[in-house]
Amino acid sequence: CVPVKEYWLEALLEEAEESFGVFGPFAILGSKYNGDSWNRFRTSLPLSLQHHINGNALYNISHPLFLNLLSQLESEKDTIYNA
């Protein structure tokens with residue numbers, strides 16, 4: 001992966017600092033899916049999928065929500081829910 005924009009990391013850090021200053025500690029800082037591929041059938045999708053966060057995000061690995069998610073994923077590793 002090669003960055004396509006100069007100073008992308010600095011911009012990302014600035015956005016994280018601004019978000020922290022306004023909202024406090026975040027668990028996940030990123031955007032919702034904003035494409036148009038689902039437009040024809042978006043309303044038939046479950047709300048959790050309609051509003052899922054894009055995987056390209058900053059994850060605060062010390063936030064309780066993230067730690068809870070990690071614990072849940074670890075508990076599911078040997079089950080049918082391990083995706």
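Colleague: How many aromatic pairs does the count come to?
Modeller: This is a predicted model. Rings pair if their centres lie within 6.5 Å, and by this rule the count comes to one aromatic pair.

Colleague: Is the pair of Y59 and F66 stacked, edge-to-face or tilted?
Modeller: A pair of aromatic rings is described by the distance of the centres and the angle of the planes. For Y59 and F66 the centres are 6.4 Å apart and the planes stand at 55°. Planes under 30 degrees apart count as stacked and those over 60 as edge-to-face, so the pair of Y59 and F66 is tilted.

Colleague: Is Y59 buried, partly exposed or exposed?
Modeller: The relative accessible area of Y59 is 36%. Buried means under 20% and exposed over 50%, so Y59 is partly exposed.

Colleague: Is S19 buried or exposed?
Modeller: S19 has its place in helix α1. Its relative accessibility is 11%. The cut-off for burial is under 20%, so S19 counts as buried.

Colleague: Which residues is S19 in contact with, leaving aside its neighbours within four places in sequence?
Modeller: Helix α1, where S19 has its place, covers residues 8–23. G24 follows α1 and has a positive phi, near 85°. With neighbours within four places in sequence left aside, the contacts of S19 are G24, F26 and L29.

Colleague: How far apart in space are V4 and I61, C-alpha to C-alpha?
Modeller: V4 lies in the segment before α1 and counts as exposed at 88% relative accessibility. In sequence, V4 and I61 are 57 residues apart. In space, C-alpha to C-alpha, V4 and I61 are separated by 26 Å.

Methods
Residues numbered from 1 in each chain as written. Predicted model: local features only at pLDDT ≥ 70, side-chain atom pairs only at ≥ 80, totals over all residues. Heavy atoms only, no water. Helix = DSSP H or I, 4+ residues; strand = E, 2+ residues; numbered from the N terminus. Expected span 1.5 Å × (residues − 1). Phe/Tyr/Trp six-rings, centres within 6.5 Å; stacked < 30°, edge-to-face > 60°. Buried < 20%, exposed > 50% of the residue type's maximum accessible area, 1.4 Å probe, protein only. Contact = heavy atoms within 4.5 Å.
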